[in-house]
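Welcome! Take a moment to look over the sequence and the 3D view before reading on.

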Amino acid sequence: MIDTNRQQELNRQELTEGAAGAAAATAALPPDQPQIAGGETRNQWRDVWRQFRSHRGAMVALILFIGVLLFVLAGPLIWTLDPTYVDIRARNTGFTSVHPLGTDQLGRDMLARLMAGGRVSISVGLTAMLIAIFLGSTIGVLSGYFRRLDAPLMRVTELFLALPLLPLLLLMVTLFREPLSQSFGPAMGIFLLIVSAIGATSWMQAARIVRGDVLGLKEREFILAAKSIGTPPRRMILRHILPNVMSPIMVAATLGIATAIITESALSFLGLGFPPDFPTWGRLLYDAVDQMVLYPSRVILPGVFISLTVLCVNYIGDGLRDAMDPRIRGR
Amino acid sequence: MLNFTMRRLLLAIPTLLFISLVIFLLLEASPGDPLGDVPLTVPPEVKEKMREALGLGQAWYIRYILWLKQFFWVEPLHWTDKLLGTYFSDGMQRIISFQSRSPVFDVIAQRVPQTLIVVGMSYIVGVMIAIPIGILSAYKQYSWFDQIGTFVSMVGFSMPTFFTGVVFIIIFGVKLQWFPSVYDTTHVVTDWGSFWVQVRQMIMPVTVLALYNAAQISRFMRASMLDNLGQDYVRTARAKGLGERKVVLKHVLRNSLIPVVTVIALGLPTVFGGAIITEQVFKVNGLGQLLISAIHANDIPMVLTLTFIFAILIIVFTLIADILYGVLDPRIRYD
């Protein structure tokens, strides 16, 4: 019974949304008892996933990205060498059976370092993205929904867009690394600093996109209907607005991971990222640049990992964008 | 249009003031001390004197307003004096770098040409690669050229410049020995031979930056061409018997360039920021290198001035992009 109700609600919602493609799909559904006839309930995310699977580049990218994640997360369980263990007698070895990817100038195992570095790089990317998306969608929804907040919040967004980001990031990281690493420990302090600095300087695009979408949504009938039965603003936003702006937020989030990873490795490359005991891909690249003539593989491996991860994430973002665009979906 | 420009220019003033205040306060809140390198044997009262000599004695708001005055009043006066041979700025204090004890703007003026040559060339080259690729891959959508072009631009977009730069150095600088891996800024062009040396040392940094820019711009170009190719006026142009060449290169291209031009204008200041990394890779001592060394040395006036110049660039180019959009597209009305 509950399922039938939900189905009817779904149908109703689609009808009120008035999308041409969706209406046709509803007509195709058996009207009386859908769960007996069709078996499968219709679900937006399942549609998205079906469309996403047909994007070949995005699927390959997703598999590769999962592979990178496995390498980084499950790899240390199999390859148990400590990435910070210094074996000075085995320094600068090439590709051997003991060290499949060689060792660095202090004899630390490159394979283990790449795994550890990837974990830090990807977690920096994810956390910074989460901060940026949280800030961006909050500001976007607030300024789109409440007319009084619109002008000031958009001014703030424009101000942030006019800030020279890379110089400011460099400044913030250099100026505050000492006090933060004293109060939170060297690794955690720098992690917090970099993540919040990247997050605080990359939310603007998401905010603008979300605001535009919310402004459009506010004119729709289902919002009017919800308002007419007295829905308070908080529930209105959480229940009716946010689920409907999820798709642009997801796309922005995916692309945000890519930019965050690149920014972090750029900071590390400029020598302003994590301390040397906590390798990240950017830091590994930076450390190897001095000896790139003798040991080019040490530069190329972390660089390839950065580029591969960012490429995968960008492709996934592309695929998501296509899959979530209802004009393309279902073709 | 003039009205719009004036309004935007007026709005830019509070924005710039706010940004400069943010940067100033950020520097103020930092724990770094410009006198940190002074030996401990120097007695405290002498240190206090040195502090005052650097202008650090006063409260922060006084120093901020002093800096504003120096930036917006003394420096322009100084440069007009230099141009016209007048003496307006005599006896006025210019912005002095803590590091070199010379006026900040003199140092910047020495560094600007290097950055401008590399960044400017790379942007021009990037645009010249990107636009034909964008046109072709949109015109032959889903062809093998389009597939490869899209993939390559995706890769170029995803590879950070510090990685491509290093790979280029390994391949072309070390293995093949075609180009020098370090950019020699003291090199002076006097004849064809030295000009060739200059070209050779510019090829790698320019290529690295150009590829990165081209990857971004060609994506925009392709999308914009695709938007326009499906329009009714294209069908009309074909129906009245215009040649395919004329339809694409005249009707469609002109209309598709409108958004791309604004994207190019908007991207220019970020390229200056991104050039910081490329400059570091190839050891070009331009503005980016200056900024990084100033940050490391706690040279507050230099960092403040440079970052503020970057902010001005962003605001100016955003304004230029908006105006260009209005000028190029008669459908856009700002009034």
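## Chain A at a glance

What you see is a predicted model. Chain A is built from 16 helices and zero strands. Of its 331 residues, 41% are buried.

Among contacts in chain A with a separation of 6 or more, 68% join residues 24 or more positions apart.

## What the UniProt record says

An unreviewed UniProt entry places the feature "domain: ABC transmembrane type-1" at residues 118-317 of chain A. In the model, that stretch is 82% helix and 0% strand, and its end C-alpha atoms are 20 Å apart.

The unreviewed entry also marks "transmembrane region" in chain A at several places, including residues 59-79 and 241-262. Residues 59-79 of chain A are 90% helix and 0% strand, with 28 Å between the end C-alpha atoms. For residues 241-262 of chain A, the figures are 82% helix and 0% strand, and the end C-alpha atoms lie 32 Å apart.

## A closer look at helix H10 of chain A

Helix H10 of chain A runs over residues 186-200, which makes 15 residues. From first C-alpha to last, H10(A) reaches 21 Å, close to the 21 Å expected at 1.5 Å a residue.

Which residues of H10(A) are buried? They are A:Ile190, A:Phe191, A:Leu193, A:Ile194, A:Val195, A:Ala197, A:Ile198 and A:Gly199. These buried residues pack against three stretches of chain A: helix H7 (110-145), helix H9 (165-184) and helix H14 (246-269).

## Where chain A meets chain B

The contact between the chains takes 34 residues from chain A and 33 residues from chain B. On the chain B side, helices that each supply at least two residues include H1 (2-29), H5 (144-158) and H9 (244-282). By class, the side of chain B that touches chain A has 25 nonpolar, eight polar and no charged residues.

H9(A) packs with helix H11 (residues 300-328) of chain B at an angle of about 150°, and their axes are 9 Å apart. Because angles over 145 degrees count as roughly antiparallel, H9(A) and H11(B) are therefore roughly antiparallel to each other. A:Pro167, A:Leu168 and A:Leu171 of H9(A) make this contact with B:Val303, B:Thr307 and B:Phe310 of H11(B). Those residues divide into five nonpolar, one polar and no charged.

How values were computed:
Residues numbered from 1 in each chain as written. Chains lettered and ligands numbered in written order. Predicted model: local features only at pLDDT ≥ 70, side-chain atom pairs only at ≥ 80, totals over all residues. Helix = DSSP H or I, 4+ residues; strand = E, 2+ residues; numbered from the N terminus. Buried ≥ 20, exposed ≤ 12 C-beta atoms within 10 Å, placed from the backbone. Contact = placed C-beta atoms within 7 Å. Expected span 1.5 Å × (residues − 1). UniProt positions renumbered as here; feature names shortened; annotations may be inferred. Axes fitted to C-alpha atoms, helices over the stretch in contact; angles between N-to-C directions. Parallel < 35°, antiparallel > 145°, perpendicular 65-115°, else oblique. Nonpolar A, V, L, I, M, F, W, Y, C, P; charged D, E, K, R; others polar.
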